[in-house]
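Hi everyone, thanks for coming. I'd like to walk you through one model this morning, so please have a look at the screen.

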Amino acid sequence: MNGIEKNSVLWNLWHGCHKLSPGCANCYVYRADAGRDVDTTVVTRTGSFDLPVRRRRDGSWKIAPGTMVYTCFTSDFFVEDADIWRQEAWAMIRERQDLRFLMITKRIDRFAACLPDDWADGYENVTVCCTVENQAMADLRLPIYLSAPIKHKTIICEPLLGHVNLRQYITAGCIEQVVAGGESGRYARPCHFEWILDICEVCAENGIGFWFKQTGAIFIKDGRAYRVPRSMQHSQARRAGINLEKPHLK
């Protein structure tokens, strides 16, 4: 799906992270925490930790079956500091097989060491997305990602900081979607439309979904730099008309 699902739920079971690579430089979580005088480098378990298994007084689930649960968006599910809580988190994900959990990580290198004993070739209700912001990170992370036992895989090229050639990775045939977008915020680095178009073309050639999520604050098109207000970054990306909602072959 090319967009945030309606009626979805955000499950931030722990909060805080450590900057790991160039894409982390202007992290939105750090920006938000700075305004609240919170130290983002301290990873803490949140009050929402058990959200998926909470019930109403009548015994029904508070999160309805079939709901998309965006998981750990103010941290990284595989951050080292959360190792002590992760198996309990997996247990809740396993219990709620009627929900769909989506998580994004820059720590795919830790994936194998963080799995539950019954993971096998993956849980059907879990999508693990791998972030690659430039070619160096693509070449580092994607070989690990492609070989990992994950049922549903999406590559996230956001914030896109340079041209990324995904051809050798997309043709592996196990990627369902690629999401790409520029960087937001006061200190955003520029995103070039030609970088976006190249990724879109690779997706079209290989029949997988593509979502141009946002332009970013500084968007370069046809050699001209545009400063795009935060409120318009998503809508301007949609206006490009290049999203691939369903498998599409040229």
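Let's start with the open sheet: three strands in the order S9-S11-S12, with mixed pairing. Helices (H or I, at least four residues) and strands (E, at least two) are DSSP runs numbered from the N terminus, and two strands pair if DSSP finds at least two bridges between them. S9 (191–192) and S12 (224–227) are the edge strands, each with a single partner, so one side of each has no neighbour in the sheet. S9 runs parallel to S11 (residues 218–221), and the two share two bridges. Within that pairing, Cys191 stands opposite Phe219 of S11.

A quick word on provenance: this is a predicted model, where local features need pLDDT of at least 70 and side-chain atom pairs count only at pLDDT 80 or more, while totals for chains, interfaces and linings use all residues. Residues are numbered from 1 along each chain as its sequence is written, and side-chain values use heavy atoms, with hydrogens and water left out.

Now the core. A nonpolar core is a set of buried Ala, Val, Leu, Ile, Met, Phe, Trp, Tyr and Cys residues joined through side-chain atoms within 4.5 Å. The largest one has 65 residues, and Trp14, Phe77, Trp90, Val178 and Phe210 touch the most other members. Helix H5 (residues 193–205) supplies the largest share, eight residues. A second, separate core has seven residues, among them Leu102 and Trp211.

Finally, the rings. Phe, Tyr and Trp rings (six-membered for Trp) pair if their centres lie within 6.5 Å; planes under 30 degrees apart are stacked, over 60 edge-to-face, and the rest tilted. That rule gives 15 aromatic pairs. Phe77 and Phe78 are edge-to-face, because their centres are 5.2 Å apart and their planes stand at 85°. Phe77 is buried at 1% relative accessible area, and the charged end of Arg86 sits over its ring, 5.9 Å from the centre. For that, CZ of Arg or NZ of Lys must be within 6 Å of the ring centre and within 35 degrees of the ring normal.

Terms used:
Buried < 20%, exposed > 50% of the residue type's maximum accessible area, 1.4 Å probe, protein only.
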